[in-house]
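Hi,

Here is the structure I said I'd pass on.

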Amino acid sequence: MSELGLLIALGFLAIWLLGMAYAAWCFATRRGAKPAGALPVPLPRVSVLIAARDEAAALPRCLASLRALHYPPELVEVLLGDDASSDGTAAVAAAAMQDYKGQFRVTTITATLGEARGKANVLAHLARLATSEYFFITDADISVPPTWITGLLAHAGPGVGTVTGITAVEGPRLFHRLQGIDWLLSLSMVQVVSDLGRPVTAMGNNMLVSRAAYQATGGYEALPFSVTEDFALFKATLEQGYSFRNVYAPKTRADSLPIFTWAALMKQRRRWLKGVEALPLRLRLELLFFSGFWPALTAVAVAGGGWLAVGIWGLKVLVQGTLAHCAHRRAGLRLAWHLLPLFELYTIGLTIGLVGYRMLGGGVVWKGRRYD
């Protein structure tokens with residue numbers, strides 16, 4: 001590589017590190033949107049919507065967290081859509097919610113509504129059954145905090161279509177803990193961009209959507225089908241003139257079960273890539289820029305020597321680790337700093353795997369179904 005090429009690579013890496021440092025500073029100094037005001041009096045009824053397909057193992061944990069909500073149970077209706085499960089999901093759910101003081105209903109989903117498929121189709125059915133003005137959407141592998149309803153509801157002011165909390169991944173294995181760093185680091189970046197007033201996405205495992213905003217879009221049955229149904233709904237509410245809120249706080253932190261195998265993680269991220277492809281061009285270019293660190297560092301290692309590359313990599317670990325530390329602390333968690341070097345190997349493997357998936361093409365496999 002020529003001296004000019006080395007200078008270009010070094011310039012790119014300098015800008016990358018400054019950009020990451022700026023993101024860390026923004027995240028550490030800005031607290032996000034303030035609550036819209038005091039909770040309404042009397043408290044409103046709310047609907048919790050859960051799409052479940054072969055989730056018998058995960059559901060008891062999720063439903064136990066809903067039973068523990070610090071919200072009057074008589075004001076909560078929990079609607080679970082059983083999407084052609086073969087493992088007794090409906091029976092497990094009914095047993096877990098026995099004697100629940102709120103309203104609980106399991107609906108077996110067999111018909112298709114409009115353009116909706118998969119999870120979007122289940123949610124379309126559940127939204128039609130819901131009787132409240134606020135839909136709280138989560139997944140069967142999620143445990144929500146007792147403050148979940150009040151934490152999100154506090155931000156659902158006039159004109160707000162969606163309110164999104166944060167999700168952490170918990171699990172005992174190293175692979176699980178690396179996923180946890182990945183999630184919170186990514187969500188901190190999303191928060192930085194959202195705090196600047198630029199919409200990125202919502203998360204279908206931890207979100208509130210008002211009935212008014214949902215119905216203004218025509219519902220999932222009227223939206224073009226997407227395997228990232230949460231982003232499709234989020235974008236549609238924005239197009240209808242509704243605003244959004246992202247709430248990065250422990251009281252709105254949902255805890256997700258981890259992905260247990262590398263192959264399953266690749267399938268999850270391939271599905272997410274479909275949502276990335278629908279982002280505004282500016283955001284996609286910014287993501288492309290941040291993904292260029294390792295190619296540029298490789299160029300520096302070849303042209304400038306290994307020790308120079310190692311020094312720059314060390315700066316990356318320090319700056320990115322600072323952001324990860326702030327992200328964990330603000331979520332009410334503690335970062336395991338000693339895992340950061342291994343996290344670098346995790347991200348390299350993830351990037352290589354996703355590039356391979358992208359080059360091979362093919363459809364997205366999700367919950368045992370293929371979407372081309």
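**What I found**

Helix H2 (residues 59-67) lies across strand S1, strand S2 and strand S4 (134-139), and runs at about 175° to S1. Helices (H or I, at least four residues) and strands (E, at least two) are DSSP runs, numbered from the N terminus. Axes are lines fitted to C-alpha atoms, for helices over the stretch in contact, and angles run from 0 to 180 degrees between N-to-C directions. Helix H8 (residues 229-239) also packs on the sheet, where it touches strand S6 (160-164), strand S8 (206-210) and S9. Contact here means heavy atoms within 4.5 Å.

Before you go on: this is a predicted model, where local features need pLDDT of at least 70, side-chain atom pairs count only at pLDDT 80 or more, and totals for chains, interfaces and linings use all residues. Residues are numbered from 1 along each chain as its sequence is written, and side-chain values use heavy atoms, with hydrogens and water left out.

Now the sheet itself. It's open, with 7 strands in the order S3-S2-S1-S4-S8-S6-S9 and mixed pairing. Strand S3 (103-108) and strand S9 (243-246) are at the edges with a single partner strand each, so one side of each has no neighbour in the sheet. Two strands pair if DSSP finds at least two bridges between them. S1 (residues 46-52) and S2 (residues 76-82) are parallel partners over 7 bridges, and Val-46 sits opposite Val-76 in S2.

Next, which angle do helix H6 and helix H12 make where they pack? H6 (residues 174-195) and H12 (residues 306-330) meet at about 90°, with axes 9 Å apart. That makes H6 roughly perpendicular to H12 (the word covers 65 to 115 degrees; under 35 is roughly parallel, over 145 roughly antiparallel, and the rest oblique). Residues making the contact include Leu-184 and Leu-185 of H6 and Leu-323 and Ala-324 of H12. By class, the contact has 7 nonpolar, 5 polar and 1 charged (Ala, Val, Leu, Ile, Met, Phe, Trp, Tyr, Cys and Pro count as nonpolar, Asp, Glu, Lys and Arg as charged, and the others, Gly among them, as polar).
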